[in-house]
Amino acid sequence: MRDTTLAASPTRGFLTRTELAGAAILAILIFLVLPAILDPFRLNLYGKYLTYAFVAVGLVLCWGAGGILSLGQGVFFGLGGYCMAMFLKLEASTPEATAIQSTPGIPDFMDWNQVTALPWWWEPFHSLTFTLVAVVAVPVAFAFVIGMAMFRRRVGGVYFSIITQAIAAILTILIIGQQGYTGGVNGITDLRTLKGWDIRTDDAKEVLYLVNGVLLFACLGIAQFIRRSKAGRLLIAMRDREDRVRFSGYDVAAFKIFVFCVGAAFAAIGGAMFTLQVGFMSPSFVGIVPSIEMVIFCAVGGRHSILGAVWGALLVNLAKTGFSESFPELWQFGLGGLFIAVVLFFPEGLAGLWNRHVAPLPARLRRRPVPPQVPSPAAAPKKPMPPASPAGTSPAAAPAE
Amino acid sequence: MSIENPRLILSVEDLTVSFDGFKAVDGLNLYIAPNECRVIIGPNGAGKTTVLDLICGRTRATSGSVEFKGMELLKMREDQIVHAGVGRKFQTPSVYEDLTVFENLEISYPRGYSVFGALAFRRTAEVRERIEEVAEVIFLSDHLDQKSAHLSHGQKQWLEIGMLLIQDPQLLMLDEPVAGMSVAERVKTAELLNRIIADRSVIVVEHDMKFVEEIATRVTVLHRGKLLAEGSMAHVQADPDVIEVYLGH
């Protein structure tokens with residue numbers, strides 16, 4: 001069954017009215033409501049949830065628009081997070097702070113694993129500038145290599161998904177196995193300051209939460225720009241008829257590599273913000289399970305809607321925290337069941353439900369009072385009905401006042 | 001342009017493709033002149049569609065050469081072949097169902113082929129005019145804002161022809177453009193094709209003999225991947241081998 005209702009291609013303006021309203025509601029929630037009503041601990045928790053929204057927004061581009069289902073986004077989330085963690089760990093590992101180690105001045109886990117000198121590839125992470133570049137550049141470079149290897153050879157569909165999943169598994173095993181260089185299964189922990197600024201205080205957490213929100217909106221802006229461009233329409237076209245796009249003169253692989261890299265960049269920014277807000281990074285955010293969870297956030301929110309993806313990440317994580325506190329052993333089943341339910345019954349996710357039922361409400365409500373007011377047929381033509389959105393067009397076509 | 005034979009736009013020589021030992025196209029020679037409309041006919045499994053696939057790079061040839069305006073197409077990628085000036089219409093209508101008619105045509109507008117070109121692509125007045133112009137030709141002016149999923153079968157075929165038209169290829173390859181059409185649609189399509197083949201070379205694969213007669217300059221008959229006969233429609237129809245193949249089928 002093909003879904004023809006997705007409102008992915010508005011013809012006019014950068015944002016349709018419903019999209020603008022949706023973005024405004026989200027902005028008010030993230031920047032005003034949540035900071036006002038939540039205590040620092042809860043706010044930090046929401047900040048953590050929102051780092052997953054970066055991944056989900058990237059998946060809307062890759063999967064929703066381009067049809068490329070990556071089950072290994074945790075790899076990019078993790079790489080971004082690890083790059084950030086390496087910088088913070090080095091800053092926390094001054095010779096003074098690590099004086100009790102047999103080799104002072106290197107991260108504690110290295111010392112525990114009989115590593116006696118900082119590995120060469122850790123050295124550049126003394127520099128914040130290098131780190132900030134690496135947070136995005138390393139995952140994007142990795143995504144580029146994977147993309148070149150797969151899309152140039154026309155590997156797609158399920159095969160692509162399986163391979164990305166395998167990559168997630170491999171990277172987890174690698175990180176766990178190389179304990180002396182990566183912190184192993186515990187990850188890189190005990191992160192304290194960013195250029196002397198203590199990231200563990202409530203104030204710092206609030207600032208980081210807001211920075212996270214701003215970055216998320218920047219990514220949403222970029223995603224919207226791509227979707228609105230011809231490249232965005234090409235992605236949809238490729239998902240439908242890859243051959244037709246190819247024989248219209250486009251290098252299909254280049255577009256797939258591009259969008260996969262953008263998805264990786266978003267995930268990496270989310271990962272770095274996760275490290276900053278949560279204070280550690282570990283392989284449990286890299287592997288298969290977190291990667292699939294990220295796809296579920298996107299699916300629940302609606303894989304054709306970038307705002308839906310943010311809601312999906314927020315709500316599923318909220319549910320996860322709630323459920324796993326009360327029924328820790330049942331949560332995984334609940335999540336699996338949720339995914340199946342969404343795929344079977346709400347393939348457009350929350351965004352689809354919104355577009356179908358909530359967004360047309362204002363127009364419907366305005367139409368309703370008309371019949372009782374005008375009993376005489378002669379008066380009817382004088383009162384023009386508000387233009388109803390014709391079937392098949394985006395609900396945004398209906399004026400929302 | 002300095003090509004070996006300026007009177008030919010396309011020279012296919014000794015073209016062979018073998019799928020696990022089965023030769024779908026076997027030592028085929030085919031020469032197309034500028035502004036010629038060549039129709040390829042033949043029984044099912046003769047290799048007609050495969051020939052088109054080989055020329056446009058969809059299938060890789062086992063051996064032989066395909067020379068277009070002095071360029072060897074067999075060494076080029078599909079999108080490069082398109083940029084060289086070869087357009088291809090598929091047998092089943094291939095349109096982007098989730099996009100509107102306008103957007104379908106816009107994607108085929110020959111500009112902004114690279115990733116960054118596509119990101120920077122703007123819907124200028126020039127683009128708009130050209131799309132409206134083509135929509136007029138393909139009878140879809142009133143459907144520009146409609147999702148192409150809601151078009152009829154015949155309209156989808158026209159849309160795909162329109163997408164090629166906007167691309168403005170020098171060599172246009174059409175695979176069964178009237179298959180599955182109603183009589184009225186077929187007549188309109190013949191009229192449409194007659195308009196668009198005027199200033200370019202065209203290769204058409206078609207079963208509908210009446211339609212072939214209407215548009216063909218020359219006819220090539222394929223049988224089991226090999227050239228069986230070539231010439232005018234009347235000449236081919238009188239050929240005893242051709243009669244044998246078609247009646248024996």
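Two residues are in contact if their C-beta atoms, placed from the backbone, lie within 7 Å. The legends below describe a predicted model, in which local features need pLDDT of at least 70 and side-chain atom pairs count only at pLDDT 80 or more, while totals for chains, interfaces and linings use all residues. Residues are numbered from 1 along each chain as its sequence is written, and chains are lettered from A, with ligands numbered from 1, in the order in which they are written.

**View 1. The contact between chain A and chain B.**
The contact takes 26 residues from chain A and 28 residues from chain B. On the side of chain A that touches chain B, at least two residues each come from α9 (230–240), α10 (242–246) and α11 (252–278) of chain A, and α9(A) gives the most, with seven residues. Here, as in every view, helices (H or I, at least four residues) and strands (E, at least two) are DSSP runs, numbered from the N terminus. The residues of this side of chain A divide into 11 nonpolar, six polar and nine charged, where Ala, Val, Leu, Ile, Met, Phe, Trp, Tyr, Cys and Pro count as nonpolar, Asp, Glu, Lys and Arg as charged, and the others, Gly among them, as polar.

**View 2. Helix α5 against helix α11 in chain A.**
Two packed helices are described by the angle between their axes and the distance between the axes. Helix α5 (residues 128–151) of chain A packs with α11(A) at an angle of about 150°, and their axes are 8 Å apart; axes are lines fitted to C-alpha atoms, for helices over the stretch in contact, and angles run from 0 to 180 degrees between N-to-C directions. The two helices α5(A) and α11(A) are therefore roughly antiparallel to each other, given that angles under 35 degrees count as roughly parallel, over 145 as roughly antiparallel, 65 to 115 as roughly perpendicular and the rest as oblique. The crossing of α5(A) past α11(A) is right-handed, a word used if the near helix is turned clockwise from the far one by less than a right angle, whereas anticlockwise is left-handed. Among the residues that make the contact are Val136(A), Val140(A) and Phe144(A) of α5(A), together with Phe260(A), Ala264(A) and Ala268(A) of α11(A). By class, this contact of α5(A) with α11(A) has 18 nonpolar, one polar and one charged residues.

**View 3. Helix α8 against helix α11 in chain A.**
The axes of helix α8 (residues 202–228) of chain A and α11(A) come within 10 Å and cross at roughly 175°, which makes α8(A) roughly antiparallel to α11(A). The residues that meet include Leu208(A), Tyr209(A) and Leu215(A) in α8(A), and Phe266(A), Ile269(A) and Met273(A) in α11(A). In the contact of α8(A) with α11(A), 10 residues are nonpolar, two are polar and one is charged.

**View 4. The open sheet of chain B.**
Six strands form an open sheet in the order β6-β7-β8-β3-β9-β10 (chain B), with mixed pairing; two strands pair if DSSP finds at least two bridges between them. The edge strands, each pairing on one side only, are β6 and β10 (226–231) of chain B. On average, and with direction ignored, neighbouring strands of this sheet are turned by 15° against each other. Helix α1 (residues 48–56) of chain B packs on the sheet, where it touches β3 (37–41), β6, β7, β8 and β9 (218–223) of chain B, and the direction of α1 makes about 145° with that of β7(B). Helix α6 (residues 153–167) of chain B lies across β6 and β7 of chain B and runs at about 175° to β6(B).

**View 5. Strand β7 of chain B and its partners.**
Strand β7 (residues 171–175) of chain B has four of its five residues buried, so it is largely enclosed by the rest of the structure; a residue is buried if 20 or more other C-beta atoms lie within 10 Å of its own, exposed if 12 or fewer, and partly exposed in between. Four bridges join strand β6 (residues 86–89) of chain B to β7(B), and these two strands run parallel. Val86(B) has Leu171(B) as its bridge partner in β7(B), and Arg88(B) has Met173(B). Strand β8 (residues 201–205) of chain B pairs with β7(B) in the parallel sense over five bridges, and Ile203(B) in β8(B) stands opposite Met173(B).

**View 6. Two loop residues of chain A with positive phi.**
Gln114(A) lies in the loop between α4 (108–112) and α5 of chain A, and has a positive phi of about 60° although it is not a glycine. With 9 C-beta neighbours inside 10 Å, Gln114(A) counts as exposed. Lys195(A), in the loop between β1 (193–194) and β2 (197–198) of chain A, is not a glycine either, but has a positive phi of about 50°. Lys195(A) counts as exposed, with 8 C-beta neighbours inside 10 Å.
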